[in-house]
Each structure stands twice: as C-alpha cells, then as structure tokens.
Amino acid sequence: MSIFEAGAAFRTWAARNGLAPSVAAAQVADIAASDSYITAVTDSFSNLDTPLTRAINARRIHAVAVNEAESKILVYLNKSFNAKQTKQLPSSISGFDIEYRHGIIGQVGGLPPSGVGSPSHYLHNGRVTCGSSIGLGGGMGSGTFGALVRISGDLFGLSNNHVIGRCNYAEGGHPVLAPGNIDINPNFLRHPFTIGVYESSAPMLNGSPATVNVMGNLDASIMRIVDEGSVSAMQGMSYPTPPTISPIVDGMKVQKVGRTTGHTHGIVTGKIAGFQSVSYVVPELQQQFNVFFSEAWIVEGVGASFSDGGDSGSLVVGELASGEIAAVGLVFAGNGTITLIVPLDLVAAHFGATIETSLGV
C-alpha cells in the first residue's frame with residue numbers, strides 16, 4: 001500500500017462511518033477502494049474504548065493530506081483531540097505515521113471579512129498591483145488579483161474561477177472591477193475601474209468523483225487586461241512576481257499577498273489524499289454546490305493565518321532549495337485555519353501562459 005492509497009483509504013473509511021462534514025463530502029464513500037486498505041484502517045480503530053469512540057464521533061474530518069517526504073498522513077478535524085486522547089488514538093496505518101490536526105475548509109463565495117488594512121488595494125507607481133481586491137462587476141463578493149500572465153503575447157490577469165468566472169457562469173467580456181464591489185468606498189487610493197474583462201476558465205466540474213471525471217479540476221480563470229499601464233507585477237508592496245514557475249513540494253516555505261490578510265507566510269504540509277470536497281455558493285445565481293479536487297495542497301500559516309475569505313486568487317510564492325523564490329500556486333479555499341492551493345504549473349499549462357514579472361515594477 002502506498003502512502004496515498006493509505007490516506008485515501010482513511011478518507012473513505014471516515015466517510016463511510018459518518019465522519020465527513022456534509023452529505024456531499026461523504027460521496028467519496030462511493031468510490032471503489034480496495035477492501036484490504038479499508039480493513040487496515042478499520043482494524044486500527046476497532047479496539048478503542050467507549051469514551052474515545054464518542055470523542056471521534058463528535059468530530060468531523062475536513063481533509064486528509066499526505067506528506068510523502070515525511071511518510072506522514074495528516075488528518076484535519078473541526079476540533080482537536082486533547083493530549084490523552086491523542087496518545088490513545090492509532091498513530092500509524094500500514095507503517096505510515098498519522099497526525100491529528102485542527103483545520104477546516106470553509107464555504108467558498110459570498111461576503112468575505114474585512115481586510116487587515118484599508119483600502120483593500122495596493123498601488124505601485126500609480127498602478128494597481130497583484131494582491132489587490134478585484135471582483136466580477138455586479139457580483140456580491142471580492143477576491144484577489146493573483147498575477148499577470150502572457151498568452152501569445154497578450155496580457156491577462158489570473159485569479160480563481162469563483163472570483164472572476166462566477167463558477168463557470170460568467171459571460172465572456174464581463175467587466176472585472178478593481179477593487180471588487182464590496183470594497184468600493186470613499187477610502188481609496190485609486191477610483192474603481194475596469195481592470196479587465198473575463199476571458200475563460202480552467203476545468204471545474206461539480207459532481208461526485210464516483211460518476212464524474214473531476215481529475216482535472218482547477219479553480220482558476222483569466223481576464224484580459226484592459227490597460228497595461230494600469231497594472232503592476234508587484235505583489236502588493238512586498239516583492240515582484242517571480243519569473244519562475246515551480247512545482248509544489250512538501251515542507252516548502254511559502255508566502256502570498258492577498259486582499260484580506262495581506263502579506264503572510266506559511267508551510268506546505270502535504271497534498272490532498274483522494275478527493276477534497278469544497279462547497280461553493282454563488283449568491284447572484286442562488287446556487288450552492290460541491291466541487292471535488294485531487295490536485296490540491298494544504299498550507300498552514302506561520303505566526304498567523306495564511307489566508308481567509310477574500311484572499312482567493314492570491315499567488316503563492318515558494319522558497320526553492322537554492323534559496324530563490326518561484327511562483328507555485330493559487331489560493332482557492334480556506335477560512336483562517338488551513339488553506340487549499342492549486343498548483344500553478346498545471347494552471348499555466350492549461351492556459352498556455354507564461355508569468356509576467358517586470359511590468360510596472
């Protein structure tokens with residue numbers, strides 16, 4: 001059994017035993033899994049005393065990730081176990097260590113919290129920078145302008161589908177505003193304007209992975225920049241967008257600049273095992289649905305939360321072994337405890353994009 005098979009088996013066991021946070025998340029129980037893998041997890045939890053069994057049943061497992069570098073399975077719950085309970089819980093499955101951590105994946109969409117600073121956008125040499133608030137015109141929320149990219153020489157802005165693509169329902173050419181609608185107020189550095197127009201999105205299909213091929217799901221969209229002179233490749237006031245795109249790796253030190261929490265630091269703790277359910281709401285369409293992701297990684301904040309609502313779309317920058325930094329991902333979910341990011345190399349490959357690092361810097 002590989003560590004990813006063990007992690008996926010743990011997730012399936014949790015879903016079959018009612019430990020998933022919602023009915024939609026429990027759909028992973030329908031996915032075919034080797035009975036021997038599930039049995040290994042079941043056996044590990046079969047001899048616990050009644051108080052500990054009750055403690056497990058009182059919690060919900062929001063995510064299961066794998067840190068392959070450390071041969072460790074990370075189980076994220078809505079409530080931590082105390083020291084005594086943790087000591088009694090199974091500490092390994094098929095030779096792989098298990099760690100139980102607090103971490104919740106909140107609902108995506110709707111109104112984000114207020115940011116750490118006001119206004120919610122940054123200017124560099126009179127240009128709006130990456131890391132600033134943006135939102136689809138007429139929308140109810142705001143997210144983050146992640147990065148500038150070039151596609152066949154043309155300039156585009158990169159963010160999440162749920163920020164500027166209305167979860168697949170935006171029309172091509174729909175204006176994207178900077179700042180986003182809910183951040184438009186008298187306290188501004190620059191008057192609100194159309195920063196770009198919605199162009200297209202990477203695949204993001206909803207439905208159960210038992211019946212729908214969701215392997216390519218990436219919460220990412222691009223907008224065509226209206227005026228190159230209005231935007232900057234700076235990430236807030238912190239650093240320029242790096243010129244290199246690199247894969248995400250376990251234990252990587254990362255940072256980002258976002259609309260809500262600003263410039264933050266974190267650590268990549270592992271990659272999702274199996275499929276991760278994320279709940280989306282689109283107020284303008286009065287819709288709520290779940291999307292499953294297999295290509296997603298978890299980041300925990302260092303010293304503070306890595307992200308919160310409204311930081312969706314932020315570019316995640318990672319420190320390489322050489323000490324240099326590279327663009328590695330996009331924030332797409334998180335509620336202040338843990339953050340989900342999608343790999344930027346997959347996003348760039350889908351759009352045929354290269355990263356823009358020098359414009360307006």
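Author: The helix H6 (344-351) gives the most to the lining of the largest cavity, with four residues. The model is a predicted one, in which local features need pLDDT of at least 70 and side-chain atom pairs count only at pLDDT 80 or more, while totals for chains, interfaces and linings use all residues. Residues are numbered from 1 along each chain as its sequence is written, and side-chain values use heavy atoms, with hydrogens and water left out. Helices (H or I, at least four residues) and strands (E, at least two) are DSSP runs, numbered from the N terminus.

A cavity is a set of points, on a 1 Å grid over the protein atoms alone, where a 1.4 Å probe fits but cannot get out; lining residues have an atom within 4 Å of a point. Grid points are joined across faces, edges and corners, and a volume is the space filled by probe spheres set on the points. By this rule there are three cavities of 30 Å³ or more, and the largest has a volume of about 70 Å³.

Besides H6, strand E9 (147-151) and strand E24 each supply at least two residues of this lining. Among the lining residues are Ala 147, Val 149, Leu 158, Ile 222 and Ile 245. Leu 344, Val 347, Ala 348 and Phe 351 also line the largest cavity, as do Ala 353, Thr 354 and Ile 355. By class, 11 of the residues are nonpolar, one is polar and none is charged. Here Ala, Val, Leu, Ile, Met, Phe, Trp, Tyr, Cys and Pro count as nonpolar, Asp, Glu, Lys and Arg as charged, and the others, Gly among them, as polar.

The strands E9 and E24 belong to an open sheet of eight strands, ordered E8-E7-E11-E12-E13-E10-E9-E24 and paired in the antiparallel sense. Its edges are strand E8 (143-144) and strand E24 (354-355), each of which pairs on one side only. Two strands pair if DSSP finds at least two bridges between them. Strands of a sheet pair through backbone hydrogen bonds, either parallel or antiparallel. Strand E10 (residues 154-159) meets strand E13 (residues 221-225) over four antiparallel bridges, and Phe 156 stands opposite Arg 224 in E13.

The second largest cavity has a volume of about 50 Å³. Phe 10, Trp 13, Leu 19, Phe 45 and Ile 56 are among the residues that line this second cavity. Its lining also includes Ile 61, Val 75, Leu 77, Phe 81, Leu 89 and Tyr 100. By class this lining has 11 nonpolar, no polar and no charged residues. Helix H1 and strand E2 (72-77) each supply at least two of the lining residues.

In helix H1 (residues 3-16), 10 of the 14 residues are buried, so this helix is largely enclosed by the rest of the structure; buried means under 20% relative accessible area (1.4 Å probe, protein chains only). The buried residues of H1 include Phe 10 and Trp 13, together with Ile 3, Arg 11 and Thr 12. The 14 residues of H1 should span 20 Å at 1.5 Å a residue, which agrees with the 20 Å between its end C-alpha atoms; the expected span is 1.5 Å times one less than the number of residues. After H1 comes Gly 18, with a positive phi near 75 degrees.

Cys 130 is buried, with a relative accessible area of 0%, and Cys 167 counts as buried at 3%. The whole structure has zero disulfides, a disulfide being a pair of cysteine sulfur atoms within 2.5 Å.

Notes:
Buried means under 20% relative accessible area, exposed over 50%, partly exposed in between (1.4 Å probe, protein chains only). On a 1 Å grid over the protein atoms alone, a cavity is a set of points where a 1.4 Å probe fits but cannot get out, and a pocket is an open set with protein on both sides within 12 Å along at least five of seven lines; lining residues have an atom within 4 Å of a point.
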